[in-house]
Amino acid sequence: MDTAPSIALLLRSGTPSPDDCNLAEILDFFGIPWTALTVSEAKGGNVASLTASHPQFSILTSAPCLAETLQSCKTGTFPAWLTAAASVFIYGFQAVDPCRALLRQITGDPEADIRGIDARPITVSVTDTFPDMCGPMSALQIQLEPGAADAALVIRHGGELQSIVAAPEGHLFAGFAYSGVRFFADASLAMVDIRERAAIYFDVKKRFAGAVPVVMYLKWSFRGVCWTTSETNACLIIDDPPLRPRYGFLDFGELLQLANKQTFATTIAFIPWNWQRTNRDTVAAFQQNSGKLSVCVHGCDHTRGEFAARSVDLLDRKLKTAKCRMQSLLNKTALDHDNVMVFPQGAFSPEAVSALKRNGFVAAVNTEVAPADDTSNETTLADLWSVAIARYGEFSIYTRRYIDHGIENFAFDGILGKPCFIAGHHDLFRDHGSELTEFLRQLASLRWKLCWRTLGDAVCRSYSIRRDGGTSIVKMVAEQLRIENMEAVTRRIRVVKQEPQVVSLKDVTVNQDVVAYEYMDGCIRLIVDIPPGRTADIRCVYHEPPDAFPDSESVSYQLGVAVRRYLSELRDNYGHRDLFRCRM
């Protein structure tokens with residue numbers, strides 16, 4: 001396509017089906033303008049009036065709807081409104097005669113068929129010849145779990161057929177041109193409901209159908225109007241180690257050598273309780289390699305579920321204590337930290353998320369996607385597809401993955417526009433990090449612009465953007481946004497950030513200067529002009545609660561924390577027999 005379509009026509013019956021509603025939600029999620037077109041309107045020739053102000057459009061529809069619309073057309077001929085579309089996306093090919101006849105009609109293959117896929121594991125292959133659509137998922141082979149795919153299309157003689165996602169049973173997603181129309185056929189029987197509640201991370205190995213093909217298509221077809229990202233920020237986050245030369249399998253000297261060789265950046269999720277237990281040479285290594293090594297905040301005492309608590313006073317006290325300790329670390333060593341929280345054991349409460357916001361944190365990063373208390377879970381699939389979860393107090397929780405989630409999930413996150421945050425512990429460096437090295441090699445081979453940064457920098461640069469004429473609209477996600485202007489002329493951006501409780505907002509600053517902003521429809525809005533070669537650092541500053549009394553816990557509690565920390569280190573340093581042998 002020379003020109004990307006500016007609107008989607010959602011062809012559907014007079015009464016929208018659940019799948020019609022699900023598809024509309026996905027369009028809204030990506031910020032794609034759409035209008036409904038009923039089968040009766042299409043048959044009546046009313047399409048021209050609907051597209052009068054949008055000469056470039058694409059059509060999305062289910063196979064039964066399109067079959068009903070085209071039932072009077074001869075094979076190989078299509079109405080003018082269909083041929084005028086930039087492309088046509090069709091899903092929901094049921095194994096029934098009308099859908100089978102439609103498939104044969106739009107492919108020109110008289111033997112085209114629809115084949116159901118039994119609930120068993122299958123391996124699918126993503127083409128490497130269509131990187132504009134498949135992006136970082138190009139050329140991947142993915143082992144899907146039973147039920148992740150439900151149908152396949154058998155097309156042998158289609159016009160200009162291109163298999164996009166294939167399985168032994170047939171095409172799960174294919175593109176082809178026939179009689180002047182460019183079709184994309186998705187074998188998925190239904191569209192995923194992104195309003196569905198989610199308790200765990202999204203996994204393409206379990207939820208491929210109704211999700212991956214439509215996301216690929218929309219991000220490609222409507223690339224000029226949908227929310228997108230200019231780069232994929234990446235960081236390796238290692239939980240727990242104190243700043244000493246070695247912790248378990250992790251050797252900081254070896255880590256730095258590996259980071260230089262593989263060109264990646266690492267942030268240590270540092271337990272504030274350890275602030276006095278640091279090694280001068282290790283701290284110096286962080287200071288001398290600030291672009292590759294940093295520390296962020298990992299809880300306070302790192303007790304079990306400490307930020308799953310729901311007491312506002314307790315949470316504020318924990319955060320005040322953590323901040324006090326990190327400031328003491330700075331005062332003692334001159335090592336600053338990323339103002340980002342990684343929750344211990346991934347456990348958090350909605351109240352803890354709000355507490356981070358009012359205590360001046362920029363964002364949280366976490367492996368768990370839902371609060372520890374299931375009854376307070378409001379996380380949806382749409383949240384998991386977003387740059388970050390902003391469901392709780394409009395404070396962002398960026399998600400991270402372990403490498404055993406699989407390269408395909410990191411790649412799909414890249415298509416969605418999410419950052420690439422890798423979670424790990426010291427055991428990720430077993431065998432001198434051989435498993436990590438292999439995974440980093442796989443990441444580097446994907447077709448994307450991967451930018452390794454320390455966590456604080458990566459969070460501030462992870463946002464959504466789209467063009468509106470000569471202005472870029474930027475959806476601010478974290479409480480701090482950093483944008484560079486690499487162009488030769490001044491760049492104007494319109495910043496939008498959701499903020500339901502504007503009364504808590506103290507100031508908005510750009511490069512530390514307080515600026516005026518507009519508040520409308522629950523969003524902060526401001527315009528920023530960035531001169532050539534300059535960077536805009538935009539921050540939301542909130543009213544902080546009155547000072548609590550840090551370190552006010554009982555002696556028995558403090559003793560219990562100390563015992564827990566020392567036992568954890570004993571386990572990690574000497575609990576592995578092969579590590580113990582290498583030290584003898």
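The structure holds 23 aromatic pairs. Rings of Phe, Tyr and Trp (its six-membered ring) pair if their centres lie within 6.5 Å. This is a predicted model, in which local features need pLDDT of at least 70 and side-chain atom pairs count only at pLDDT 80 or more, while totals for chains, interfaces and linings use all residues. Residues are numbered from 1 along each chain as its sequence is written, and side-chain values use heavy atoms, with hydrogens and water left out.

**Exercise 1. Classify the aromatic pair of phenylalanine 307 and phenylalanine 343, and state which parts the pair ties together.**

Step 1. A pair of aromatic rings is described by the distance of the centres and the angle of the planes. For phenylalanine 307 and phenylalanine 343 these are 6.1 Å and 50°.

Step 2. Planes under 30 degrees apart count as stacked, over 60 as edge-to-face and the rest as tilted. The pair is therefore tilted.

Step 3. Helices (H or I, at least four residues) and strands (E, at least two) are DSSP runs, numbered from the N terminus. Phenylalanine 307 lies in the loop between strand E16 (293-297) and helix H11 (312-333), and phenylalanine 343 in the loop between strand E17 (338-342) and helix H12 (350-358), so the pair ties together parts that are 36 residues apart in sequence.

Step 4. Buried means under 20% relative accessible area, exposed over 50%, and partly exposed in between (1.4 Å probe, protein chains only). Phenylalanine 307, at 0%, counts as buried, and so does phenylalanine 343, at 1%.

**Exercise 2. Describe how helix H8 and helix H14 pack.**

Step 1. Axes are lines fitted to C-alpha atoms, for helices over the stretch in contact, and angles run from 0 to 180 degrees between N-to-C directions. H8 (residues 212-221) and H14 (residues 407-416) pack at about 35°, with axes 10 Å apart.

Step 2. Contact means heavy atoms within 4.5 Å. Val212, Val215, Met216 and Lys219 in H8 meet Phe412, Ile415 and Leu416 in H14.

Step 3. Ala, Val, Leu, Ile, Met, Phe, Trp, Tyr, Cys and Pro count as nonpolar, Asp, Glu, Lys and Arg as charged, and the others, Gly among them, as polar. The contact residues of H8 with H14 divide into six nonpolar, no polar and one charged.

**Exercise 3. Which strands stand at the edges of the open sheet of five strands?**

Step 1. Two strands pair if DSSP finds at least two bridges between them. The order is E22-E23-E25-E29-E28, with mixed pairing.

Step 2. Strands E22 (464-468) and E28 (518-520) stand at the edges; each has a single partner strand, so one side of each is left without a neighbour in the sheet. From one strand to the next, the twist averages 25°.

Step 3. Strand E23 (residues 471-475) and strand E25 (residues 491-498) run parallel and are joined by four bridges. Isoleucine 473 has arginine 494 in E25 as its bridge partner.

**Exercise 4. Locate glutamine 512 and say whether it is buried or exposed.**

Step 1. An open sheet of four strands has the order E24-E30-E26-E27, with antiparallel pairing. Two bridges join E26 (residues 505-510) to E27, and threonine 509 stands opposite valine 514 in E27.

Step 2. Glutamine 512 is in the loop between E26 and E27. Although glutamine 512 is not a glycine, its phi is positive, about 75°.

Step 3. At 72% relative accessibility, glutamine 512 counts as exposed.
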